[in-house]
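Here's a quick walk through one chain of a model. Have a look at the fold first, and then we'll go through it.

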Amino acid sequence: MSSHDDPSGDNPSGDASDGTFDDAFDGTFDDIAAELTALAGFLDAPNPPPADVAAAVRARLEPGRPTTDAPDPEATRHTPAPAPVRRTPARLLRRRRWQVVTAIVLVVIAITAATPQGRAAVATILRLAGIEITLGATTPTPIATPTPLPGERVVALESLAGQVGFPIKVPAELGDPQYATVSDNGRVASMFWPGGIRLDQFDGSLSPYFFKKVGPPWPEEITVAGVTGWWLGGEHPLGYITRDDDTAVPLRQAKPTLIWQSGALCYRLEGAGGKERAVQVANSLR
Amino acid sequence: MKSDSSMDDDEAIGRSLAGDLAAYEALVARYSALAHRTAAMLGAGDEAEDVVQEAFVKAFRHLATFRRGSPFRPWLLRIVANETHNLTRSRGRRSDLAVRLSATADLRAPDDPEGAAVAQDRRARLLEAVRNLPERERQAVVCRYFLQLSEAETAQVLDWPLGTVKSSTHRGLARLREEVGSELA
């Protein structure tokens, strides 16, 4: 994959001399980029159960095992031969995992399709940072009655980290939160600051936890702490997908929100002001 | 297991370096889905599972070369991309985009089958257009939009200069728009 395989891409300035693309370079590609990002949510790729993969890798690394990756010298020159162990269970289970993901997506679609606005514009679904975003052509109906997250309860700040299965981070820019909550049996940790600022943290690696519905303007891609984040600049309906039975619970109208993902952990920062301020706060997460 | 899942990457890497295989197991589980998706999308096809397992084994053995404090994700995905590249080269085949359009979409909006069919058709055409992109443009587009990597991460994963990522992405997007037109704007 070295860059000299194909010299054509190495000279960005060379594009200007290529008449075919002159027009395209005058504008941006936000529309096709958004469509591609949405398409990603509809692509199935193999995903054997992570615990099985981890166990298989560990088995190969156990000190008792010989460290020869591949007995076949021909294979060693390229990709060392895969260990033949453990293939079958992973393959059998793979399909099931995808069916689970599919079921969750269907829940979101069903909700969207149940409203006239949704039906007119079941346009596109983005899966980003553990959040499903339905993009419609029109502004979705606001949620009138706010509902808390399932099982949401206030906990002491010091005990927050001990009640969830992932590391908790705090944005240095905002200082210590006013209070914190844990929801849905330790799956979501939330922190609150004066002025309606809220930061939710959760492990969204397997399937989405939140869903959002937005009309134009659509989410804007921005860089947060070196990773891709998305800025939702308008108020929008926010909901939650429960783990136990995949029920989709409408929650409230969310204020402008920044979402991003670091490793398997997902963050949504709501009500922290404009885009620049939100990014500044997000960058200060420690 | 709770202590495993509550470790952040840096702590898991530190413990792995000290020989704690349970810590590394947690790290593998955390990145397994993304690694499989990357391998499949960069051309590993049916062999994505083997490529990923191999990549994780190699990553462990080379963990000492990982620069602590830098993000683990692009470092790992670069190994996955390399393994995938080795595989496709050794098999002498094109690195096809090995994904399929989810059947989910066929079932969406049951009271609007026509709209659903149009949307699904649109997705199929776009996916086909991505498949047919020249290899470099396809890889750039896949990393940026299907794997949702930043430009800098894409450059690291594919081992390209940043300028190449930018120009290949732009060329790819321009070609896609020519192929399928602009519908959502």
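What share of the 185 residues in chain B is buried? It's 55%, where buried takes 20 or more other C-beta atoms within 10 Å of a residue's own, with C-beta atoms placed from the backbone.

This is a predicted model, with local features needing pLDDT of at least 70, side-chain atom pairs counting only at pLDDT 80 or more, and totals for chains, interfaces and linings using all residues. Residues are numbered from 1 along each chain as written, while chains are lettered from A and ligands numbered from 1 in written order.

Chain B has 10 helices and 1 strand, taken as DSSP runs (H or I, at least four residues; E, at least two). Along the sequence they read α-α-α-α-α-β-α-α-α-α-α.

In helix α2 (residues 9-17) of chain B, the buried residues are B:Asp9, B:Ala12, B:Ile13 and B:Ser16. They sit within an arc of 100° seen down the axis, so they line one face of α2(B). They pack against these helices of chain B:

| Helix | Residues |
|---|---|
| α3 of chain B | 21-44 |
| α4 of chain B | 48-61 |
| α5 of chain B | 72-91 |

Just after α2(B), B:Gly19 has a positive phi of about 95°.

Further along, the axes (lines fitted to C-alpha atoms over the stretch in contact, angles from 0 to 180 degrees between N-to-C directions) of α8 (residues 135-146) and α10 (residues 162-180) of chain B come within 8 Å and cross at roughly 95°. That makes α8(B) roughly perpendicular to α10(B) (65 to 115 degrees).

How values were computed
Parallel < 35°, antiparallel > 145°, perpendicular 65-115°, else oblique. Buried ≥ 20, exposed ≤ 12 C-beta atoms within 10 Å, placed from the backbone. Arc of directions from axis to C-beta. Contact = placed C-beta atoms within 7 Å.
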